[in-house]
Amino acid sequence: MPAKTLRIPTGDGQADAFAAFPDHGERHPGVLMYPDGFGIRPVLREMARELAGHGYYVLVPNIFHRHGPAPVIDLPEHIGEEARPALMARLMPLIEAHTADRVRSDADAYLTFLTAQPEVAAGPVAVTGYCIGGLLAVRTAAAHPGQVAAVAAFHGPVGADGTDVLAGLTARVHFGHAESDLTPEGLGELNRALDAAGVGYTSEIYPGTVHGFTMSDTDAFDPAGLRRHWDRLLPLLDRALAGG
């Protein structure tokens with residue numbers, strides 16, 4: 001599986017990124033994959049490679065590139081619950097500094113770069129994200145309604161911006177929520193907002209999961225949740241991206 005480490009020109013310097021794509025054919029539908037707050041690391045590279053194996057060019061940017069190359073903080077090989085509070089204390093200032101304006105500026109740069117790659121097919125792209133990356137995926141899709149055909153977010157705060165952003169979506173949507181992140185009442189409220197937006201979507205709580213369930217290098221990892229994530233993500237991309 002071919003893979004590259006790349007540098008993406010942005011309005012605030014170069015963003016390092018990881019890309020994976022199939023080793024057959026010439027051009028493939030593009031997918032922008034936003035990492036969780038812990039950033040690009042082996043588990044994200046593995047997930048990008050797995051998705052690329054299904055026929056996609058997958059670009060994973062360092063969302064905190066203004067603070068240095070990924071990983072922007074030292075990470076243990078396994079992120080256990082005992083380590084998480086100290087790590088999050090270091091990451092929260094970076095998350096808070098990543099304003100909506102910065103997200104939109106970076107998204108423009110990421111999508112411009114992604115669609116210019118020689119291995120990427122012409123046509124619409126998809127965006128997916130994990131944890132805070134799920135919110136970035138929603139913001140990106142809402143800001144690029146003519147370009148983003150599918151958006152997926154997993155254990156992400158997708159409703160953090162309120163209903164106005166959801167109303168801007170035209171992409172096909174899947175939201176996979178952790179049971180620890182969203183109550184059934186909260187799910188109903190979110191889904192009613194998606195109904196009002198008139199988008200095609202699925203939005204569900206993954207049973208028995210906690211925040212971060214897709215990440216195999218954390219204590220939150222849930223194998224059944226990760227399988228359900230692939231079972232939802234791959235058909236979404238296949239429907240939205242011709243030839244995927």
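A salt bridge is a side-chain nitrogen of Lys or Arg within 4 Å of a carboxyl oxygen of Asp or Glu. The exercises below concern a predicted model, in which local features need pLDDT of at least 70, side-chain atom pairs count only at pLDDT 80 or more, and totals for chains, interfaces and linings use all residues. Residues are numbered from 1 along each chain as its sequence is written, and side-chain values use heavy atoms, with hydrogens and water left out.

**Exercise 1. Salt bridges**

State how many salt bridges a search of the whole structure finds, and describe the one formed by Lys4.

Solution. Step 1: the search of the whole structure gives 10 salt bridges. Step 2: the partner of Lys4 is Glu119, with the closest N and O atoms 2.9 Å apart. Step 3: Lys4 belongs to strand 1, whereas Glu119 sits in the loop between helix 3 and strand 5, so that this pair links distant parts of the chain, 115 residues apart. Helices (H or I, at least four residues) and strands (E, at least two) are DSSP runs, numbered from the N terminus.

**Exercise 2. Two local features**

Locate the cis peptide bond and the residue other than glycine that has a positive phi.

Solution. Step 1: the cis peptide bond joins Ala70 and Pro71, with omega about -5°. Step 2: Pro71 is placed in the loop between strand 4 and helix 2 (84-97). Step 3: Cys131 is not a glycine, yet its phi is positive, at about 55°. Step 4: Cys131 is found in the loop between strand 5 and helix 4 (132-143).
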